Amino acid sequence: MPKVLPELGVAVGNLRRNLGWSAAELAEKLNIPPNTLSDYERDQRKLSRRKALELIAPMGLDAGALEEAVESVRKTREWGKAGYPAGPAEAEEQKNRVEDMLRRLGTNMAEAFRPVVRLLLVDLRAEADWQLARGYWLQLARRPQERRLEMIRKSRQYGLWTLSALACAESIKAAADNAQQAVELAELAVEIAERVRTEPLFRQRLQGYARFHLANALRVAGDLRRSDVALGKAKKLWSQGEAGDPGLLSEARVLSLEASLRIEQRRLGEALDLIEQALAVDQCELKPDLLVIRARALEQTGDYEGAIATLSQAAPLVTRSNRRLQCILQFNLVGNLCHVKRFEEAAPLLDEVRALAVELGKGLDLLRTRWLQGWLAAGLGRRDEAMATLAKVCDDFAELGIAYDALLAALELAVLYLEEGRTVEVKDLAIRLAPFFKAQGVHREALAALQLFREAAQSETLTVELARQLADYLYRARHNPDLRFEKREGAPLSR
């Protein structure tokens, strides 16, 4: 079990966060270091009631507001034992408490603060469940999936909505590196959601939320058919339970997960609409993530300049602690700059991408970064570096069995070989990669184009222009299996 913090410190911290104050902002008003404020909130320093009143005074709160917050913490710990949310009687009690707190804030501030205070009390009430969930998660996380499921099914103590939401968040994290683990965590979230002791409508809402994450994990694993089925169930449950959710589950999150699937399905117009809806309801928590997803959709429509502008808008919003999102954003920005041949702008950014990839320690991230390095070196005229890098990248993708990326890197390398008249190397490249031409993930239309590449390479009739067209096509066709290759005579190329 996690340490249970004193009610006074929890109350001060919740008041600060839910009224929109960062620790740094409040500490500046108080003329104390931010870590001192955090120490008071986390029981690292003794916090008296008098000191607590001093801490909340810059936010315009008084002793009555502090008493209300402390009482809310106390009640959440009682409610946490029985689950959350409860029935209509407690909902009416919460409504009355909102009005009491608004009266203490004064008539001039009441209307402006009404939605904030309502969310404040909702979050305070959920604090007990979050504390319990973090402790239970430590028990579950270190065990294999079969054992975790067994524990959840045997003990009612794991029936917390926050534990399901926590498993959802862990599934999102795992998706960056381990698709199977992401699926297991999402399935765990669904299992927990079905056992939560709470009001039926909220349970449906939570089940929908968990299934959105399952759909996302299946998408990352490449199973788009099952992902779409899971999404359909998720949307139905999410909609049916809407009236039971007082604002605990993020609508922006589920919209973003649906948008990501629509991108993979090449339903890009729908994806962009969903992102706009998510941005409209986001509480300033997911905006950088949403902008990165929007940029990915724009990139796949061929609007590279639009993607660059969107990523540039997102960059200052990403916190330094979110290194994974920083890496994705910078990687995508470099790629889009290369698409429009703005190589000089992309070059200094690649060093940042490489440093982030090394810090994160993900092998596939490092491999894809080297791929960008080869592409960029070619654009800057560093041909020997480009050919050596792309040859190694192509071999590494092939060894990992990532067929589509291996073939893309091979075509980029073939262009460089052909520009130097090295047709024998191109033929050898086509022969070495022949087993991947029918690998999983390479769709029918792409196979037809690759067959053209192989035949032309073997007969040594492949031209630079045709190789460039094939590379451009293969990139665009990755997320559009219906796109057919059409040979163009003298047409401008994007790569």
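# Exercises on a predicted helical model

Both F212 and W238 are buried, where buried means under 20% relative accessible area, exposed over 50% and partly exposed in between (1.4 Å probe, protein chains only). The model is predicted, so local features need pLDDT of at least 70 and side-chain atom pairs count only at pLDDT 80 or more, while totals for chains, interfaces and linings use all residues. Residues are numbered from 1 along each chain as its sequence is written, and side-chain values use heavy atoms, with hydrogens and water left out.

## Exercise 1: Aromatic pairs

Task. Determine how the rings of F212 and W238 are arranged.

Solution. 
Step 1. A pair of aromatic rings is described by the distance of the centres and the angle of the planes. Rings of Phe, Tyr and Trp (its six-membered ring) pair if their centres lie within 6.5 Å; planes under 30 degrees apart count as stacked, over 60 as edge-to-face and the rest as tilted.
Step 2. The structure holds five aromatic pairs. One of them joins F212 and W238, with 6.2 Å centre to centre and 90 degrees between the planes, and is edge-to-face.
Step 3. F212 belongs to helix 11 and W238 to helix 12, so the pair ties together parts 26 residues apart in sequence. Helices (H or I, at least four residues) are DSSP runs, numbered from the N terminus.
Step 4. Ring pairs also link Y209 with F212 and W238 into a cluster.
Step 5. R205 lies over the face of W238, at 3.5 Å from the ring centre; the criterion is CZ of Arg, or NZ of Lys, within 6 Å of the ring centre and within 35 degrees of the ring normal.

## Exercise 2: A further ring pair

Task. Classify the pair formed by W371 and F397, and state whether F397 is buried or exposed.

Solution. 
Step 1. The ring centres of W371 and F397 are 5.3 Å apart and the planes stand at 75 degrees, so the pair is edge-to-face.
Step 2. W371 is in helix 19 (residues 363-379) and F397 in helix 20 (residues 383-400), 26 residues apart.
Step 3. F397 has a relative accessible area of 0% and is therefore buried. W371, at 12% relative accessibility, also counts as buried.

## Exercise 3: A loop residue

Task. Describe the place and the exposure of K341.

Solution. 
Step 1. K341 lies in the loop between helix 17 (323-339) and helix 18 (343-360).
Step 2. Its phi is near 65 degrees, a positive value in a residue other than glycine.
Step 3. K341 has 44% relative accessibility and therefore counts as partly exposed.

Note on methods. Helices (H or I, at least four residues) and strands (E, at least two) are DSSP runs, numbered from the N terminus.
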